[in-house]
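Please open the structure in your viewer and keep the selection tool at hand.

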Amino acid sequence: MSTTLVIAGLVRMSTCDWPGRLVATVFTQGCPWRCTYCHNLGLLDPTVVGAMTWSDVRGFLERRVGLLDGVVFSGGEPTRQAALGAALREVRDLGFSTGLHTSGAYPRRLAEVIDSLDWVGLDIKAIPAEYPQVTGALNSADRAFASLGVVVASGVAHEVRITVDPTIHRETSIYALVELLVEKGAAAIVLQEARPEGTSPAYTKALAARHLRDVLASPPPGATARPSP
């Protein structure tokens, strides 16, 4: 694996990638899963050359010390890249808080960097039996729930996000998933919309303009619904 991050892009100022924080968001290239509702299809292929260098990102951050609260690493799947840990340490050395968006696809690598994180947004896709329908990967549930265990055991501030996909999810399965997450110690569980923007034409057609409200009349106990942008 490369010793430097392969970076697909940088959002220089975001208010939505870490709730309550003003951050820069670094998008990393490559993801092992092919989720039905993925809206970053261009970030999936790990062989794509980076759009910018880590040196470029670091230079930008050095000019934003004191102006941003933190830096969030997103993707793609950031824990796919061995260079993530070094990048997180550099960000902290500059004085920024560190955040991560992850699907939990690499629980061992998440465990290796968890002490360098101040916040984690963990995507949990479905109840275990439905996971392969969402991700296209047979062992994805085991990996994701192992990552949940890493996050909960670490004590790091976190949010568990469930993207409600009307092409797969039903009210009973979402209620069962939230109940399971509460049992496993998730501190904050948020339901969010599956949106057609950026997804494949086939998924857009299958979604057929359905929304979270078409699956759930109201969030289950222990979860909240994030308003659509």
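The tour visits a strand and its neighbours, and then several salt bridges.

This is a predicted model, in which local features need pLDDT of at least 70, side-chain atom pairs count only at pLDDT 80 or more, and totals for chains, interfaces and linings use all residues. Residues are numbered from 1 along each chain as its sequence is written, and side-chain values use heavy atoms, with hydrogens and water left out.

Select strand E2, residues 23-28. Helices (H or I, at least four residues) and strands (E, at least two) are DSSP runs, numbered from the N terminus. Six of the six residues of E2 are buried, that is, under 20% relative accessible area with a 1.4 Å probe, protein chains only (exposed is over 50%, partly exposed in between). Val 23, Thr 25 and Phe 27 lie on one side, and Ala 24, Val 26 and Thr 28 on the other.

Next, show strand E3, residues 70-74, which runs parallel to E2 and is joined to E2 by five bridges.

Now select Asp 123 and Arg 161, whose side chains meet in a salt bridge at 3.1 Å, N to O (a side-chain nitrogen of Lys or Arg within 4 Å of a carboxyl oxygen of Asp or Glu). Asp 123 is in strand E5 and Arg 161 in strand E6, 38 residues apart. Both are buried.

Definitions and conventions: Two strands pair if DSSP finds at least two bridges between them.
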